[in-house]
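Morning, everyone. Please have the model open.

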Amino acid sequence: MKEDVCAENRTSGARADAWGLSRALGAALRIKGLTISTAESCTGGLIAHYMTMVAGSSEYYKGSVVSYCNEVKMNALGVKKSSIAAHTEVSGEVAGEMAEGVSRLLKTDVAISTTGIAGPTGALPGQPVGTVWIGVHTHHGTTSASHHFDGDRESVIEQAARAAMAIAIEAVERMADKE
């Protein structure tokens, strides 16, 4: 029983932190007059959930593509089949193409993407469970970085969503105001 309460408290704390990040991201976007979209694979729409929990988020949050399977990554977001074949769907190349694709599709100034292995199975050679690539696209270009999160599936997904929002805040803060 004690373990269940501790796990519930950790989850509640993580969610409070994520809502704080989504509010901070929204405030940064509002100040600069920018818009954002998300392309989510391993986070399955959790970032979109947090973004839309903020009242008035439709002012800056345009939407999301949950691209859990490769066909959606390719057909909706324009991820190249050759990128998946050469690097796997859990790669910086694919994360970057996902962010570029959703930005293009939804016509946003900023886009973030997640693709990874939440577990408990699915590890790839050199990519253990908990590996998540986060991509960011702005008018300055596209970047992606690999992260590793420990814990069970829910914890990995939660940590990835929070990290993606934190990275997006940093990207927005580096951008000039929209004219």
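Start with the largest nonpolar core, which has 35 residues. L25, L29, I36, M51 and M165 have the most contacts inside it. By nonpolar core I mean a set of buried Ala, Val, Leu, Ile, Met, Phe, Trp, Tyr and Cys residues joined through side-chain atoms within 4.5 Å. Buried is under 20% relative accessible area, exposed is over 50%, and partly exposed is in between, with a 1.4 Å probe and protein chains only.

Which elements give two or more residues to this core? They are α1 (2-32), α2 (46-52), β3 (110-116), β4 (131-138) and α6 (153-174). Helix α6 supplies the largest share, eleven residues. Helices (H or I, at least four residues) and strands (E, at least two) are DSSP runs, numbered from the N terminus.

A word on the source. This is a predicted model, where local features need pLDDT of at least 70, side-chain atom pairs count only at pLDDT 80 or more, and totals for chains, interfaces and linings use all residues. Residues are numbered from 1 along each chain as its sequence is written, and side-chain values use heavy atoms, leaving out hydrogens and water.

Now I36. Leaving aside residues up to four places away in sequence, I36 touches L25, L29, M51, Y60, Y61, K62, G63, T108, V110, A111, I112 and A168. Contact here means heavy atoms within 4.5 Å. Another core, of ten residues, lies apart from the largest one. Its members include A39, L77, I84 and V102.

Next, the backbone. Most residues other than glycine have a negative phi, and most peptide bonds are trans. Where are the exceptions? G119 and P120 are joined by a cis peptide bond, omega about 5°. P120 sits in the loop between β3 and β4. T88, not a glycine, has a positive phi of about 75°. Its loop runs between α4 (81-87) and α5 (92-106). T88 is partly exposed, at 25% relative accessible area. K107 is not a glycine either, and has a positive phi of about 55°. K107 is in the loop between α5 and β3, and is exposed at 68%.

Last, aromatics. How many aromatic pairs does the structure hold? One. Ring centres must lie within 6.5 Å, using the six-membered ring for Trp; planes under 30 degrees apart are stacked, over 60 edge-to-face, the rest tilted. W19 and Y50 pair edge-to-face, 5.9 Å centre to centre, with 80° between the planes. W19 is in helix α1 and Y50 in helix α2, so the pair ties together parts 31 residues apart in sequence. W19 is partly exposed at 29% relative accessibility, whereas Y50 is buried at 1%.
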